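I opened this model to look up how its parts meet. My entries follow in the order of the look-ups.

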Amino acid sequence: MVNSMDSHNLKIVLILAFGFSLAGILGYITHRLKLSPILGYLLAGYIIGPYSPGFVADVNVSEQLAEIGVVLMLFGVGLHLKWEDLVNVKNIAIPGAIGQTLVAAACGAWIVYAIGWPIEVGIIVGLAIGVASTVVLVRVLSDNHLLDTLEGHVSIGWLIVEDILTVIVLILLPVISTFAKEGNLPLIELLETLGWTVFKFLLLALVMFTFGKKIVTFILMHIARLRSHELFTLALLALTFMIAVASALVFGTSIALGAFIAGMVIGQTHVKHQAAANALPMKDAFAVIFFLTVGMIFNPMAIMENFTLFIGILAIVVVIKPLAAFLIVVIMRYPVKVALTVALALAQIGEFSFILGEEAIKFHLLPDEGYDIIVACALISISINPLLFKGINFLQNSIESVQNTYNPLVPNDIPPVFHSLHAIVIGFGPLGRAIAQTLEQQNFDVTVIDQNVDTIAFLSDSHQRAVFGDATLPTILEDAHIKDADLLLITVPSLNTTLKIIQVAQPLNSEMKILARANYLTDQQKLQNLNIQSVCSEEETKQAFIKMVDQIVKEELEA
């Protein structure tokens, strides 16, 4: 029997009730202010945390829930890791991200060491502030209509390299911890520790991308054939957490790193798009809890007690880091607009910095005060990042005006973009198959969406664009690149499904033409009311019957 709201049984409920409510309100406000909602979530966490007056949520319970958020976020990073986004800009993204990260790490380590903290703490802080927030970067590029431009592609590729570097640091945390505890560790022992750590990770990767991939594919393909969203989501979560836990228990890696590997493995299966769609709501919910927890344990007094360190780290994030990125891009002979966009897009830190900081705390490599400084710098950098972007045109004009001659050459590794006609066919039965073949003969780039996993597997193995998933979900349509589509053809027989697809698709691309299938004349009328062109099988059948009757009557009369 529950006698009080302070009962242990209600701790999780209270965190979810107060946390989600405040996060929703403050997230809405920050979103309306053209800021990242992460800022609102962090502030909401601080309000319900022990360092602010009023209701105080249970930090220990929140941290356990946040672990789920970390697992799902790292799973999402692995699942959405698109090597093609990196390949096209590899000549600038790889050296640029590595160079900028080294500059940020060196400056951060120097400042931290200068105030008397251990060098390993400085390295962790420097590496933590070297990686930008994916959520903030994508949001600011989208708001400024730069996501699908050259500068947007370079920024995304750059961020992918930063994410990979952070994963490498997560792998090496046990080595850094051993070095910090042992002090002057002999070189041979250090190399042995490093080699053993790398060997275990490589063994984990080998197992997961060979036998593990086959097992995961077998399970998900069989579940997908049942067309049950609940079972598919359950199997997805079970595999993710089992791989994460097994990675920690068997190979000695962190659970977060195991989740990243799980995401990469599932991302290579034919069901990856539906997997991402099913995991998204839960990932987003627990990501909010993660940010709430970060805000809860944030102690603002750490800023006053370490004000010099705070100013120094903040300067690295919003001045030195973007300046290093700008110089690298300009030196590689990219336009000023690209250099400014990349520099300002990366002038912030977020979720990966928090994850790296929390993992470092577990290995006693980062004091609480250092983590508080990272959170404070994230709060400020996320807040001012959209404001910095508003000055891009002014900065570009100012820089170009002081140059006597400026004629940059865009490197050859960026292929010219030619827009070919793109069509999406939903449903790959006999009708959808015939339509796809006709469009391909007309030189259309065709993407097929279907819920038959065997059909999608066959198409993918035949090197045809195909997405397994429910086309009523916006994430599935986005994976099919609906924003670039010129034509959407809906061949599914159900009118309700067709209407749902249209309702989701039109806001994503209002310019494309839509052609739908209608079984009955009443269905065709409903589609016409939405200004949707349709082909009615009942009408076609009626016309065919009339034509055949006329033919039979004519033959009878002639006889």
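I counted polar contacts between domain 1 and domain 2 and got five residue pairs, both residues at pLDDT 80 or more. A polar contact here is a pair of N or O atoms within 3.5 Å; within protein, one must be able to donate a hydrogen and the other to accept it, and residues adjacent in sequence count only if both atoms are side-chain atoms. On the side of domain 1 that touches domain 2, helix 9 (187–225) and helix 12 (272–296) are the elements that give two or more residues. Helix 12 supplies the largest share of that side, four residues. Helices are DSSP runs of H or I with at least four residues, strands are runs of E with at least two, and both are numbered from the N terminus.

The model is predicted: local features need pLDDT of at least 70, side-chain atom pairs count only at pLDDT 80 or more, and totals for chains, interfaces and linings use all residues. Residues are numbered from 1 along each chain as its sequence is written, and side-chain values use heavy atoms, with hydrogens and water left out.

I noted the bounds as 10–398 for domain 1 and 422–558 for domain 2; they come from an automatic or database domain assignment. The C-alpha centres of the two domains lie 40 Å apart.

I then looked up contacts (heavy atoms within 4.5 Å): 11 residues of domain 1 touch 17 residues of domain 2.

For salt bridges (a side-chain nitrogen of Lys or Arg within 4 Å of a carboxyl oxygen of Asp or Glu), I found one across the interface of domain 1 and domain 2.
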